[in-house]
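Q: Hi! Could you walk me through this one before I set anything up?

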Amino acid sequence: PNISIFASGRGSNFKAIIADQSLTCQLLVSDNPTAPVIEIAKKHHIPTFTFEPKQYADKASYEQAILAALKKYEIEWIFLAGYMRMIGPNLLNEYTGKIVNIHPSLSPAFPGKDAITRAYKARSEQTGVTIHYVDEGMDTGPIICQQPVPIHEQDTLETLQTRIQKTEHQLYPKVIKELINVKTLVE
Ligand code: GRF
């Protein structure tokens, strides 16, 4: 099945996904024309759909434009990887059960931005990574899988970030493969 990755920034998860030999991404969608993730896509000859929300009247209009791009590339699954926008009803209804997000905490702890920093400052013993289906909430929706990541006493924010990213880069490609192959497994 064809997949699309949605990303707004650095794109390290995007990079980890496309580096997996058994995964191909048919379309990168980004709401940020200057995001480094777009350069990564170009380098790998992956088509991109980039838009700026301010060029559209409202969310419904830019999501219609996204939908048109998804249709063009016959996309079946959407994986959010650092996409900094909420998914609206248009996309949610069209891709029910087919939109997945990765979040750097053990949900429901620390939803939203700066989840790693907040877990670090809270002096939690552990934090983690959550992969979940997307609903209308912020980093909510049925959990597919979670992996705890320890916070060591000697950790700086940077060493913790590195440990979490490493976990994300291993986990997300694996989970994506399992999800998109479910159909072939039961057939
Ligand atoms: C990741 O930590 C992801 O969990 C969160 O946003 C970050 C994106 O990082 N939703 P990158 O752009 O993939 O490097």
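**Chat notes**

A: Happy to, and let's start in a loop: Asp114 is found between β5 and α5. Helices (H or I, at least four residues) and strands (E, at least two) are DSSP runs, numbered from the N terminus.

Q: Is this a predicted model, or what is it, and how are residues numbered?

A: This is a predicted model, where local features need pLDDT of at least 70, side-chain atom pairs count only at pLDDT 80 or more, and totals for chains, interfaces and linings use all residues. Residues are numbered from 1 along each chain as its sequence is written.

Q: What are the confidence scores?

A: The protein has a mean pLDDT of 96, and 97% of its residues reach 70 or more. That score is the predictor's confidence in each residue, from 0 to 100. For the model, ipTM is 0.98 and pTM is 0.96.

Q: Back to Asp114, then: buried or exposed?

A: Asp114 is exposed, because it has 11 other C-beta atoms within 10 Å. The cut-offs are: buried if 20 or more other C-beta atoms lie within 10 Å of the residue's own, exposed if 12 or fewer, partly exposed in between, with C-beta atoms placed from the backbone. Asp114 also has a positive phi of about 55 degrees, although it is not a glycine.

Q: Which other residue in that loop has a positive phi?

A: Phe110, with a phi of about 50 degrees, and it is not a glycine either. Phe110 lies in the loop between β5 and α5, and it counts as buried because it has 23 C-beta neighbours inside 10 Å.

Q: And where is the cis peptide bond?

A: From Ser107 to Pro108, with omega near 10 degrees. Pro108 lies in the loop between β5 and α5 (115-121).

Q: Switching to the sheet, what's the strand order?

A: It is an open sheet of seven strands in the order β3-β2-β1-β4-β5-β6-β7, with mixed pairing. Two strands pair if DSSP finds at least two bridges between them. The edge strands, each pairing on one side only, are β3 (48-50) and β7 (143-150).

Q: Which pairs can you show me?

A: One of them is β1 (residues 2-6) with β4 (residues 75-80), parallel over five bridges; there, the bridge partner of Ile3 in β4 is Trp77. β4 and β5 are also parallel, over three bridges, and Phe79 has Val100 as its bridge partner in β5. β6 (residues 126-133) and β7 run antiparallel, joined by seven bridges, and Ile131 stands opposite Cys145 in β7.

Q: Now the ligand. Which residues come nearest?

A: Arg10, Ser12, Asn13, Gly82 and Pro104, of the 13 residues around the ligand. A residue is near if its C-beta atom, placed from the backbone, lies within 6 Å of the molecule.

Q: What is that shell made of?

A: By class, five nonpolar, six polar and two charged residues. Here Ala, Val, Leu, Ile, Met, Phe, Trp, Tyr, Cys and Pro count as nonpolar, Asp, Glu, Lys and Arg as charged, and the others, Gly among them, as polar. α1 gives the largest share, three residues.

Q: Where does UniProt put the active site?

A: The unreviewed UniProt entry places the feature "active site" at His103; such annotations may be inferred rather than shown by experiment. His103 lies in strand β5 and is buried, because 26 other C-beta atoms lie within 10 Å.
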